[in-house]
2 protein chains.
Amino acid sequence: MEKSPQWEKLVLGGLVLTMEEDSEPIADGAIAIEKGKIAAVGPASDLLEKAPTCEVLDASHCIVMPGLVNTHSHLAMSLLRGLADDLPLKTWLEEHIWPAEAKVMNRETVALGTRLAAAEQLLAGVSTTTDMYFFADAVCEALVEAGLRGVIAESLIDASTPRCAGPDEMLEKQRELCLDWKDHPLITPSIAAHAPYTVGAPNLVREAEIAEEFGLPLQIHVAETRWEVETSLEKHKLTPVAYLESIGFLSDHIVAAHCVHLSPEDIEILAENKVGVSHNPVSNLKLASGLSPVEQMRAAGVRVGLGTDGAASNNTLDLLRDLQIATLLHKGTSGDPTALPARAVLEMATRVGADILGLGERIGRLKVGFDADIACFALNSAHSTPVYDPYSHMAFAARASDIRHTIVGGKIVVRDGELQTMDLEELLARSREVAAKIRG
Amino acid sequence: MEKSPQWEKLVLGGLVLTMEEDSEPIADGAIAIEKGKIAAVGPASDLLEKAPTCEVLDASHCIVMPGLVNTHSHLAMSLLRGLADDLPLKTWLEEHIWPAEAKVMNRETVALGTRLAAAEQLLAGVSTTTDMYFFADAVCEALVEAGLRGVIAESLIDASTPRCAGPDEMLEKQRELCLDWKDHPLITPSIAAHAPYTVGAPNLVREAEIAEEFGLPLQIHVAETRWEVETSLEKHKLTPVAYLESIGFLSDHIVAAHCVHLSPEDIEILAENKVGVSHNPVSNLKLASGLSPVEQMRAAGVRVGLGTDGAASNNTLDLLRDLQIATLLHKGTSGDPTALPARAVLEMATRVGADILGLGERIGRLKVGFDADIACFALNSAHSTPVYDPYSHMAFAARASDIRHTIVGGKIVVRDGELQTMDLEELLARSREVAAKIRG
């Protein structure tokens, strides 16, 4: 008798979108999981026959797809969600966000805010997040507890911070983080610079060297505002992108967040250097930063993923909302209703996002051998009836709240809409206490 | 002993936003309901003392506000949700939407699609919808069954339709609808013209006369596309707005949907004639129609409400999403982060929307004597923690799925997130059957 496969779990039923290039949806599909990896993808009937006894997770009446990949965020800022809105960036930052951070942010509150952000994202079908903030080791521990995959960095600026006396100490911490976490199954340690205008060329170059040495992502904010570009032109006679290229900073390790104000030459530089870009439509709209030339970047071959930015400037970590607003925004502002179509924007939120984080051969697609990071969005509601095309449904009608199951590395972290890894009530109560301190 | 008030229900607890001008949120508030109307609004402790025994609806940990008002939609098109996306308007309409309508839309399917649209909206905190489609009497009956307030019209075009041999018959039907439904507590009958380019001046004027005679709203699409403006300039040497004024069509009865392509003179005309405008940001983005000058209209004193348009061009009837995208969009495209702030966009979705539908003294605010149309959005989730400002929370972070209770005319139509008036499962199953016919 043929030996039955050693599958541990079968995600069974539903319309499976593998997000492989040119793939067709699999109606009534299934995904087999073994040791945290995808062991098989195919029609439910085929897989059930091969493993009639393994644990089954019901995904009938769901769209089953790779978990979403959030390529830019500041997780602990979830505690500052909605603290100050409808304000100019400078007022927002200097009079509200920075004072609040100075008042409450420490290792413990960063861990708390990160857990809150992890809960929010897992409950919205996000299986991989990024972070650039402080206390990265505490962030990594919080994500492991939550069961959310993370690409985690501590931001360098050429100044002292709540965390470090100065940049030398921070660079040392960045190297330590890479050493400590480089083999963890859930965590990809990463390096981060705040921005080209807050970190000088010498330290930017040192960071690029660490990224190269470890083969890990290097996150940075680039060309977010018109002010940044003007300042760079004044100081360096170069745009931020051209300046970063001139000092040898750019490579395929770079995850450049925002990239709003780009010249055609900047776009060429990003393409030539294989830089990954994180498009953050909601944050860019809310802070009135501007409109990123996403279609022009894509046409030039730049890899563009999607990010929420922090909850203080979004005000959620609902990547599905960013995804939907991205397709709407680029149609509306270009005058072309075929711009950034449904499937393209879903690719940005899955396989392309994974790719720019250096995880393109591990996550972002439902493929045998990949980590089992899976999101099941339910279709049993009025707003999701009928569905003529599953890509269009996700891009224009689905909601984060439709999430039924989120699986990360083969572990069911959200089951039937309920978070399995943390006590949500306790988390909310403690988060409200921190907010009360900020208010008070 | 003092007689206890004859209140039937008490919506108890939560943070109450009355949406009255200059009002402050009422923490731990309550709303008393008597005979479908709001009988009192105030602190929970005060109201409980006056009516210790009436039925209590728990709204603790909620934001309690007026139900949302959707000022433009085509309800039965919910059956065509996502049928054809990422397409130019002409292809979308002529090759997909019209053939599908011809194939399946009849009195029965319009009623079904309307019930689906009503379920979706009630479950998203919308308590008043509009409609301009066919079989308006069937639409009214469906909304009464669902318990959703409606401003309902049947669209006139100068041609035969699935419904009528020609415009004379339709004008007669419009008058009948007004007579039949004018005293119904939930339904406001209304008149509609498709657009200035599909209805000639004589029939537009006849409609304006019916609106004047009955004192009821007159819905019309205006200046939705650049093509429409160019065609109007060629044919009439006037913009659509100027043309409509020139024939005496404009008044405070008019609900002009879209108003995307407006000149400064158009905006003056809309203001002078007290025309109500329905801003439809998601539809305008998705079909790449353009960006409506909402802030310029508001500055000129034009009353601007919010609408979803039909689910075929949105692809939901989630007015909260339109509200959130409206504030984001107008900040992002104006470069001004203070544009269309949270409270303003919430007013558009409540009191202003009610006002342009001629219901400004009945709904859209939580005020004694007003119809009890109330939405309670829960705050017990990760994405809604913490809340520093309730207006900002609704404008930037809340989700339709946060709805806990929706009350229309004093009747609890959604309780604890569950629709009370219709069998949702049966509704979804029947809607899927119609979709299968369209596909097949």
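1. Start with one residue pair in chain B. Ala30(B) sits opposite Gly42(B), a residue of β4(B). This is a predicted model, and the points below should be read as such.

2. The strand pairing around that spot is as follows. Strand β3 of chain B covers residues 29-34 and is joined to β4(B) by 6 bridges. The two strands run antiparallel.

3. Now the sheet as a whole. β3 and β4 belong to an open sheet of 4 strands in chain B, with the order β4-β3-β1-β5. Its pairing is mixed. The edges are held by β4 (37-43) and β5 (55-58) of chain B; each has a single partner strand, so one side of each has no neighbour in the sheet. On average, neighbouring strands here are turned by 20 degrees against each other, direction ignored.

4. Chain B has another open sheet to note. This one is built from 6 strands, ordered β2-β6-β16-β17-β18-β19, again with mixed pairing. Its edge strands are β2 (15-16) and β19 (418-419) of chain B; each pairs with a single strand, so one side of each lacks a neighbour in the sheet.

5. Strand β16 (residues 374-378) and strand β17 (residues 403-408) of chain B run antiparallel and are joined by 4 bridges. Ala375(B) has Thr406(B) as its bridge partner in β17(B).

6. Turn to the interface. Chain A brings 63 residues to the contact, and chain B brings 63 residues. About 4,900 Å² is buried between chain A and chain B. Carbon and sulfur atoms give 61% of that area. On the chain A side, the residues losing the most area to chain B are Asp86(A), Leu328(A) and Tyr388(A), together 16% of what that side buries.

7. Which residue forms a salt bridge with Asp86(A)? The partner is Lys331(B), with the closest N and O atoms 2.4 Å apart. Across the interface of chain A and chain B there are 4 salt bridges. There are also 25 residue pairs in polar contact, both residues at pLDDT 80 or more.

8. α12(A) gives the most, with 9 residues. By class, that side of chain A has 31 nonpolar, 19 polar and 13 charged residues.

Notes. Residues numbered from 1 in each chain as written. Chains lettered and ligands numbered in written order. Predicted model: local features only at pLDDT ≥ 70, side-chain atom pairs only at ≥ 80, totals over all residues. Heavy atoms only, no water. Pairing = 2+ DSSP bridges. Axes fitted to C-alpha atoms, helices over the stretch in contact; angles between N-to-C directions. Contact = heavy atoms within 4.5 Å. Buried area = accessible area lost by both parts, 1.4 Å probe. Salt bridge = Lys/Arg side-chain N within 4 Å of Asp/Glu carboxyl O. Polar contact = N/O pair within 3.5 Å; in protein donor to acceptor, adjacent residues only side chain to side chain. Nonpolar A, V, L, I, M, F, W, Y, C, P; charged D, E, K, R; others polar.
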